[in-house]
Amino acid sequence: MRSGLPKGYTLGVKNDTQLSEGSGPATLEQIHRLFESAVAYDSALTLLKGFKVDFSGNPDFHKVYLAVRCTCGTAGLLSVEVAMDKTLAEVEEAMPSLLGNLRVKQRMFSSMSCEMHGRMRQGGL
Ligand SMILES: [Zn+2]
């Protein structure tokens, strides 16, 4: 007597189309949200969304760009790289060190004299 469907055969259920929070690699949008809330109360730093220029050309990393502004009107561009395979939880965990790097770059920019900022602007850097 036949016993119906062969054992071991299951219909593949794909769930890779659903947007998962927490599991799976974090999207750039999710990373943006993290940085956005991290610099929300920091008037010196602005998250640049939709800034798609890729200076490093490294395809395995999400790039997050932030602008740091000086009172003289000069803005410096800061970038943070996050590995594409990081989950949102992993990125959250790495935020303190990512922000730490950002603060170091921000301080470097802030410690420059405005005379130097002016030169940077003229030099197009
Ligand atoms: Zn300045």
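Select Val64 first: leaving aside residues up to four places away in sequence, Val64 touches Ile31, His32, Phe35, Ser79, Val80 and Val82. Contact here is defined as C-beta atoms, placed from the backbone, lying within 7 Å. The model is a predicted one, in which local features need pLDDT of at least 70 and side-chain atom pairs count only at pLDDT 80 or more, while totals for chains, interfaces and linings use all residues. Residues are numbered from 1 along each chain as its sequence is written.

Next, show the largest nonpolar core, with 12 residues: Ala26, Ile31, Leu34, Phe35, Val64, Tyr65, Leu66, Val68, Leu78, Val82, Leu102 and Phe109. A nonpolar core is a set of buried Ala, Val, Leu, Ile, Met, Phe, Trp, Tyr and Cys residues joined through C-beta atoms within 7 Å. Buried means 20 or more other C-beta atoms within 10 Å of a residue's own, exposed means 12 or fewer, and partly exposed lies in between, with C-beta atoms placed from the backbone. Two or more residues come from each of α1 (28-38), β2, β3 and α2 (88-111); β2 gives the most, 4 residues. Helices (H or I, at least four residues) and strands (E, at least two) are DSSP runs, numbered from the N terminus.

Now select residues 61-69 (β2) and 75-83 (β3), which pair in the antiparallel sense over 9 bridges; pairing requires that DSSP finds at least two bridges between the strands. Ala67 has Leu77 in β3 as its bridge partner. In this hairpin, with 5 residues between the strands, Gly73 takes a positive phi near 100°.

Finish at Met120 in helix α3 (residues 114-122). Is Met120 buried or partly exposed? Met120 is partly exposed, because 16 other C-beta atoms lie within 10 Å. Its C-alpha atom is separated by 9.0 Å from that of Gly76, 44 residues apart along the chain.

Methods: Two residues are in contact if their C-beta atoms, placed from the backbone, lie within 7 Å.
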